[in-house]
Amino acid sequence: MPVSAAHKPFDVQSVRRDFPILQERVNGRPLVWFDNAATTHKPKSVIERVSYFYEHENSNIHRAAHELAARATDAYEHARKTIARFLGAKSESEVIFVRVTTEAINLVAKTWGVQNIGAGDEIIVSNLEHHANIVPWYQLAKQVGAKLRVIPVDDTGQIRLDEYRKLLNDRTKIVSITQVSNALGTVTPVAEVIALAHQVGAKVLVDGAQSVAHLQVDVQALDADFFVFSGHKIFGPTVIGVVYGKADLLEKMPPWQGGGNRIQDVTFEQIIFQPAPNKFEAGTGNIADAVGLSAAIEYVENLGLDNISRYEHDLLEYGQHGLSSVSGLRLIGTAREKASVMSFTLEAFPTKKLGKL
């Protein structure tokens, strides 16, 4: 983060002007967007960066010697370096581009998971997980005869660390947990989750889809083995996501797709793969959107995540206070540490009807 960003005042009106779509009118009224947990809108700097790529740099990468190929490759690899810095990775070679968080989790499950998890082994997830962080592990458990175990949550929506400790044993191979719940906003104690898992020799994947736009992430400080997120959750384009993995793990993991770009040499008798991250990026990647994600991260860094978090926290307190005065309304998810998500039920309104309204 630029040094000045931490001290720069957060001007919400200026920030709103950065997002062209907020000039839209819906049903005759100015657009107010409450659906950021599903996807975020894009600032003009991101839209313009993607447009600039197509206007001035568009080419395939790593495969040709002409000028546009050099520009496109430089832009793509600059994006990887930007993300590595943003996450606190040791090297850009620990950053793999995928489509979205869902694909990122599937990559880890179908490479490291298939390679290291077998019959009788155990996989731990929490009761807060998005389907994307349940289904791949469920499928793997069924495939190899492993067991899927679930960390319960308390009445506030926070995971039960006491119960988590009981689940851990020498059969635990991986713990896959969200850092911020998309439904409740709960911020889970991932540093403690990781430390406890490592005590029994298990690896940890952190689903950062809902956290990267709200919290400072340092994968080395957390000692996360894997960290995954989607660009569209942090003001970047859709269909670009990231897998961070520790270098020693990525080195041993097998590729999970066949195709070009990830191949060092091919004969009909032998295939030699590129080292990570290339061996996990088969075919032509989403080059323009990777470049757009880099611009989104630079936008966030310029605003300052601390400034964003502070403003969001004030909005959360304001919103929760306002909702608490509504007769018959019950807030769901009241953990002490939470991001700016408010879920609730309302007496006399079935949830499906309430959502439609």
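**A walk through the sheet and its cores**

Let's start inside the sheet: Val206 sits opposite Phe227 of strand 8, where helices (H or I, at least four residues) and strands (E, at least two) are DSSP runs numbered from the N terminus. Phe227 also has a bridge partner in strand 9, namely Tyr244. Keep in mind that this is a predicted model, in which local features need pLDDT of at least 70 and side-chain atom pairs count only at pLDDT 80 or more, while totals for chains, interfaces and linings use all residues. Residues are numbered from 1 along each chain as its sequence is written, and side-chain values use heavy atoms, with hydrogens and water left out.

How far can you trust the coordinates? The chain's mean pLDDT is 94, with 97% of its residues reaching 70 or more; pLDDT is the predictor's confidence in each residue, from 0 to 100. Residues 1-7 are another story: pLDDT stays under 50 there, and the model has 12 contacts for them beyond four places in sequence, a contact being heavy atoms within 4.5 Å. Where pLDDT is low, the predicted coordinates should not be read in detail.

Seven strands make it up, in the order 3-9-8-7-6-4-5, and it is open with mixed pairing; two strands pair if DSSP finds at least two bridges between them. Its edges are strand 3 (95-98) and strand 5, each of which pairs on one side only. From one strand to the next, the twist averages 20 degrees, with axes being lines fitted to C-alpha atoms (for helices over the stretch in contact) and angles running from 0 to 180 degrees between N-to-C directions.

Now take strand 8. With strand 7 it pairs in the parallel sense over three bridges, whereas strand 8 and strand 9 (residues 241-245) pair in the antiparallel sense over five bridges. Phe226 has Gly245 of strand 9 as its bridge partner. Strand 8 is largely enclosed by the rest of the structure, because five of its five residues are buried; buried means under 20% relative accessible area, exposed over 50%, and partly exposed in between (1.4 Å probe, protein chains only). Phe226, Val228 and Ser230 point one way from the strand, and Phe227 and Phe229 point the other way.

Moving along the sheet, strand 6 and strand 7 are parallel partners over five bridges, and Ile174 stands opposite Lys203 of strand 7. Strand 4 also pairs with strand 6 in the parallel sense, over three bridges, and Glu122 has Thr172 in strand 6 as its bridge partner. Strand 6 is mostly covered too, with six of its seven residues buried.

What packs against these strands? Helix 5 (residues 135-144) has Pro136, Trp137, Leu140, Ala141 and Val144 buried. They cover an arc of only 135 degrees around the axis, so they lie on the same side of helix 5; the arc is that of the directions from the helix axis to the C-beta atoms. The buried residues of this helix pack against helix 4 (101-116), strand 4 (122-126), strand 5 (147-151), strand 6 (172-178) and strand 7 (203-207). Just after helix 5, Gly145 takes a positive phi of about 85 degrees.

Next, the cores. A nonpolar core is a set of buried Ala, Val, Leu, Ile, Met, Phe, Trp, Tyr and Cys residues joined through side-chain atoms within 4.5 Å. The largest one has 62 residues, and those with the most contacts inside it are Ile83, Leu87, Tyr164, Phe227, Phe229 and Ile234. Helix 10 (residues 287-303) gives the largest share of this core, 11 residues. Another core lies apart from it, with 25 residues including Trp137, Ile174, Phe226 and Leu249. As for Ile234, its contacts, leaving aside neighbours within four places in sequence, are Thr40, Phe86, Val212, Ala213, Phe229, Leu293, Ala296 and Val300.

Finally, a couple of loops. Asp223 lies in the one between helix 8 (219-222) and strand 8 (226-230), and its phi is near 65 degrees, a positive value in a residue other than glycine. Asp223 is partly exposed, at a relative accessible area of 33%. Ala348, in the loop between strand 13 (343-346) and helix 12 (351-356), likewise has a positive phi, near 75 degrees. At 80% relative accessibility, Ala348 counts as exposed.
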